[in-house]
Amino acid sequence: MRAAYIEELGPPEVIRLGDLPAPVPGAGEVLVDVLATAVDPVDALVRSGVFRTPLPFPFVLGRDLVGTVAEPAAGFAAGEAVWCNSLGHGGRQGAAAERVAVAADRLYRLPDGVPPLEAVAVLHPAATAYLALFNHGELLPGETVLVAGAGGNVGSALVALAARAGARVLATASPRDHAYVRALGAAEVVDYREPAARLAELAPDGIDLHVDTSGRHDLETAVGLLAHRGRVLLLAGPGARPVLPVGPLYMKDASVRGFAISRATVAELAEAAAALNDMLAGGGLRPRALEVLPLEAVAEVHRRMEAGELRGRRVVLRVAGADGGR
Ligand SMILES: NC(=O)c1ccc[n+]([C@@H]2O[C@H](COP(=O)([O-])OP(=O)(O)OC[C@H]3O[C@@H](n4cnc5c(N)ncnc54)[C@H](OP(=O)(O)O)[C@@H]3O)[C@@H](O)[C@H]2O)c1
């Protein structure tokens with residue numbers, strides 16, 4: 001079967017495109033014919049070795065897939081439309097191949113009528129947003145959340161999910177993204193170049209949950225804006241080494257937490273999947289800018305992603321020949 005894989009860690013040049021033996025599903029696994037996979041920032045972190053995880057070489061790249069069940073197994077019928085967003089980590093092979101064996105408890109049915117290429121584009125940022133807000137950020141209805149980088153893929157999903165859950169959403173974004181971010185449900189949107197005093201005015205009782213997707217962390221400012229028992233959730237910027245203002249943090253009973261979706265449990269992923277499927281079925285979760293390319297473009301897409309050229313847009317790699325429209 002055709003696959004995009006690596007045999008060593010390194011830059012995009014280590015990516016190979018070629019034939020590998022098709023996987024043989026083990027007990028509790030389902031064989032999936034892959035229609036498409038997405039390219040996520042974490043794929044580059046794994047490929048380069050920045051995010052260390054056991055890799056069986058040759059290692060197939062890719063976190064997310066959408067496809068159809070190849071043969072009946074574990075309660076799934078042949079031909080059912082399915083998706084997965086937790087491949088390519090912890091010893092699991094990735095999604096960028098014609099056939100993938102997926103553990104049944106990591107495989108979810110795609111609701112009828114949802115365009116599969118749009119779905120696979122939003123799985124990673126939206127599941128990240130769900131787990132960040134509710135499992136790690138412990139966001140409650142009526143709380144105030146600040147989403148920095150709200151025009152981006154994860155940021156826009158954070159805004160939509162937090163607003164849907166009844167939180168008051170403050171957001172920072174470039175002015176060109178303000179209308180889009182407001183339409184997603186943000187109560188207030190501020191240019192991220194404006195001084196933090198503007199955010200303090202908008203949240204006089206403080207921020208309950210602060211999430212910055214840009215990776216440029218200013219914890220002096222973030223902790224200063226927090227409410228009593230506020231939380232700063234870190235999920236981006238692997239190289240950032242910001243100064244932590246210890247006194248203001250503990251005197252507010254506040255906390256700084258880290259979160260990586262790669263570490264999510266099967267139960268957490270399943271909970272997020274149910275919420276995503278609800279939103280997908282209702283048409284409430286769609287990529288803002290979607291580019292569909294053939295699997296052969298994988299190395300070039302990794303290069304563009306690392307050069308910062310994919311900001312706010314999603315790239316989906318088509319693996320099977322079908323057009324994916326249903
Ligand atoms: N921890 C996890 O589980 C997890 C999961 C998924 C993704 N991530 C990480 O999340 C990050 C975001 O991914 P993404 O796909 O959403 O990226 P993205 O689409 O590029 O979004 C980043 C956003 O940040 C904005 N931005 C840039 N500088 C800023 C600043 N100083 N203040 C506020 N906003 C600023 C950008 O706006 P402009 O383009 O207008 O400058 C852009 O809208 C990546 O680092 C990714 O690795 C983590």
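The second largest pocket of this predicted model has a volume of about 260 Å³. A pocket here is an open set of points on a 1 Å grid over the protein atoms alone, with protein on both sides within 12 Å along at least five of seven lines, and lining residues have an atom within 4 Å of a point. Of the 19 lining residues, the closest to the pocket centre are Pro 23, Gln 93, Gly 94, Val 100 and Ala 101. Strand S7 (residues 99–103) gives the most to this lining, with five residues.

The model is predicted, with local features requiring pLDDT of at least 70 and side-chain atom pairs pLDDT 80 or more, while totals for chains, interfaces and linings use all residues. Residues are numbered from 1 along each chain as its sequence is written, and side-chain values use heavy atoms, without hydrogens and water.

| Helix pair | Angle | Axis separation |
|---|---|---|
| H2 (residues 116–136) and H8 (residues 266–281) | about 120° | 9 Å |
| H2 and H3 (residues 153–164) | roughly 55° | within 8 Å |

H2 and H8 are therefore oblique to each other; angles under 35 degrees count as roughly parallel, over 145 as roughly antiparallel, 65 to 115 as roughly perpendicular and the rest as oblique. Contact (heavy atoms within 4.5 Å) with H8 involves H2 residues including Ala 119, Val 122 and Tyr 130, and H8 residues including Glu 268, Leu 269 and Ala 272.

Towards H3, H2 contributes residues including Pro 125, Ala 126 and Tyr 130, and H3 contributes residues including Asn 153, Val 154 and Leu 161.

Technical notes: 1 Å grid on protein atoms, 1.4 Å probe; cavity = no way out; pocket = protein on both sides within 12 Å on 5 of 7 lines; lining within 4 Å. Points joined across faces, edges and corners; volume = space filled by probe spheres on them. Helix = DSSP H or I, 4+ residues; strand = E, 2+ residues; numbered from the N terminus. Axes fitted to C-alpha atoms, helices over the stretch in contact; angles between N-to-C directions.
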